[in-house]
Amino acid sequence: MEKLIRQYWWKALGVLILLYVFVVGMLVPLKPGITLVAPSSAKTGQELILEIEGYNTNFDKAEDTLRMWLKMDNERSLAAKSIDVIGPRNARVAFNIPDYLPSSQRVQDFALVIDNPIDGASVRPNAVLITQDSIDPDQGIQQWVNENMTGLHEKQGITFPFRNILGETIRNTYFHVSLWLAMMIIFIAAMVYSIKYLRRLDNRYDYWASALTSVGLLLGGLGLLTGAIWAEYTWGKFWSWDIKQFTTLIALLIYMAYFVLRSAFPDEAQRARISAVYNIFAFIALIPLIYVLPRLTDSLHPGNGGNPALGGEDLDNTMRMVFYPAVIGWTLVSSWIASLLYRTSQIEEYLWDKWDEDDNYEK
Amino acid sequence: MKATNWILTAFLVFFTLTTGAAQTGSTDFMRSMGKMYVVVAVIVAVFIGLVLFLVVLDRRLTKIENQINDHG
Amino acid sequence: MTICYLCDQMNMLQQTMRLLWRDWILEWRTRYALSGIVLYVLATIVLVYSALIDIQPKVWNAIFWVIILFAAVSAIVKSFVQESQSRQLYYYNLVHPLALLLAKMIYNTSLLFLLSLLSWGALALLTGNPVKETGLFILAIFLGSMGLSIAFTFVSAISAKAQNSATLMAILGFPVIIPILLTLVKIGANALRLIQDTSISSDILILVAINLVLLSVSILLYPFLWRD
């Protein structure tokens, strides 16, 4: 470890990885999507005219090949009667809604599917709610003019997925979510060094534990700050006592208490031993906080209650190619900063010991 | 000390700019282009955070240097 | 390990029971915690009652757990902090350190459980009893006093090593017990039938898991703490 922290290859690697993450994470475009469908509700037996606003779409270039459907379920979908292209991002589409729907529900939700060879296929779930005056599934099945979606296109080139609420902020996966994972790795490393200290009682392990903990606090603080900035423009408030924000704040308080505890002991050996004990205790107390409690209550945070986020289908392969390097990059750069703190502590210790000896000699 | 003041000022300016931009007028700057500027703000915040941390480390080293000078 | 004089004559369980008995005798002689908490509960209820007049079950739930939290702090803060260094040294020479920790934890759990039942009784007398599911509520009180006792006892053992340790104990302890408190409030709301939740058994399991984890970490780490 003493040799490793004086080598440059892993620091350069961390910086290069982050550079890659910044360039690719910012430059790769989003997949075309649908940002607005109006009106969002309709009645049966009418001609339904929808105003559509796309994102990153090329309706004008693909005017002749543009196709749209209202999708009810996997078997049933309704093709558009006519499509008016207004601009690259705007179109007006008309559907003939039959008098009866092949459904026993009064209100049926439909997804809107748009397809063309340039943009590929894009879907907006729950785009339109259609209310039927009277329910008759048998007549609905008779009246239904089904047109299956066939020959859907794939968007060419590398893209990130489009998600409704997130929009471009899906890129925050690399600049907010990855900070989180890096923080957990750093805190685990701090705990490992605390355990090492208790086993060997070597001061160097204590310096590592405190250096890593303060870098972990930095990452956590940045995670909270970047989350708050995002929340301001998505939820409308920097701070809304969302359970994720709350538990994060508490986690940071636990680790701030670690430094309060350290400052309470003038004696170095006692400080190192007791803060190591608290560091391990704090990490164990953190586990229920971060991973168990958010499951207890509802949260608006992406990844909870149907909100889109990472994991499962949401983190697609393209995003993985940036997200995992981002975690590694942030961890490496944080370790670099921690190693600087560690070396500073070592120099301080060396100098103070030397000066103490000098003072004793003079006496 | 001077460096911290500079960075604090930059931070405050950044925040007043972003929040001010969010509140002025009907054209919402931060939410335009699919909230792209939120991503930019997040990156700037991370960058400022790292720089602030470096400033703290810098001051700690300066303190040690001063102590070395005191001890001759 | 220092020499442990009683270790030859008693096993750890006996030592724990002996220390537990001693703590109870001391409490019974002074009735410090008991009288303090009765006063505290009365003051809180009078204050809240005069401010709100009509105490809704929702508020009742919150008040109850706030009372338990502060009762826990004021009762547990003295377990390590208020014993002098020399007396602690004496104990450490006499008994196994884990026996001391376990005795304190069991004592604090039982004291806090008793205090919680007392304040529940006092609250019920003065404001009526909104608890619909008594069994669940007693279980919550028991698990809660166990969790709070484990966390606060260990934290007070840490902070007893420093000066002005009462403040330090609050700083170290509060963030640690937040998960326990949040779960308790949720189970409490279920026991008052403020919310209907099918996943209540998983909440209880989470509470048990937190307690067990904190207990085992405390037992593992305490040998590194006590020697000085």
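Me: What makes the four strands β1-β3-β7-β6 of chain A an open sheet, and in which sense do they pair?

Reply: In this predicted model, the strands of chain A follow the order β1-β3-β7-β6 and the pairing is antiparallel. Strands here are DSSP runs of E with at least two residues, helices are runs of H or I with at least four, and both are numbered from the N terminus. Two strands pair if DSSP finds at least two bridges between them. β1 (33–38) and β6 (82–85) of chain A each have a single partner strand, so one side of each is left without a neighbour in the sheet. Neighbouring strands are turned by 25 degrees against each other on average, direction ignored.

Me: How do you know that β3 and β7 of chain A are joined?

Reply: Strand β3 (residues 47–55) and strand β7 (residues 90–96) of chain A share seven bridges, and the criterion is at least two; therefore they count as paired. Within this antiparallel pair, A:E47 stands opposite A:N96.

Me: Which strands of chain A are joined to β9, and in what sense does each run?

Reply: Strand β2 (residues 41–43) runs parallel to β9 (residues 120–131) and is joined to β9 by three bridges, with A:K43 opposite A:T131. Strand β8 (residues 107–116) pairs with β9(A) in the antiparallel sense over nine bridges, and A:D109 has A:L129 as its bridge partner. β8(A) and β9(A) form a hairpin with three residues between them.

Me: Why is the crossing of α2(C) and α5(C) described as right-handed?

Reply: A crossing is right-handed if the near helix is turned clockwise from the far one by less than a right angle, and left-handed if anticlockwise. α2(C) passes α5(C) in the right-handed way. The axes of α2 (residues 32–52) and α5 (residues 97–127) of chain C come within 10 Å and cross at roughly 35 degrees. Such axes are lines fitted to C-alpha atoms over the stretch in contact, and angles run from 0 to 180 degrees between N-to-C directions. Among the residues making the contact are C:I37, C:V41 and C:I45 of α2(C) and C:L111, C:L115 and C:L118 of α5(C).

Me: What makes the contact of α2(C) with α5(C) nonpolar in its division?

Reply: It divides into 13 nonpolar, two polar and no charged residues. Ala, Val, Leu, Ile, Met, Phe, Trp, Tyr, Cys and Pro count as nonpolar, Asp, Glu, Lys and Arg as charged, and the others, Gly among them, as polar.

Me: How many residues of chain B are in contact with chain A, and which helix gives the largest share?

Reply: 23 residues of chain B are in contact with 25 residues of chain A, where contact requires C-beta atoms, placed from the backbone, to lie within 7 Å. Helix α2 (residues 32–71) of chain B supplies the largest share of the chain B side, 20 residues. That side comprises 16 nonpolar, four polar and three charged residues.

Me: Which helix of chain C gives the most to the side that touches chain A?

Reply: α7(C) does, with 10 residues. The contact takes 23 residues from chain C and 23 residues from chain A.

Me: On what basis are residues numbered and chains lettered, and what confidence is required?

Reply: Residues are numbered from 1 along each chain as its sequence is written, while chains are lettered from A and ligands numbered from 1 in the order in which they are written. Local features of the predicted model need pLDDT of at least 70, side-chain atom pairs count only at pLDDT 80 or more, and totals for chains, interfaces and linings use all residues.

How values were computed: Contact = placed C-beta atoms within 7 Å.
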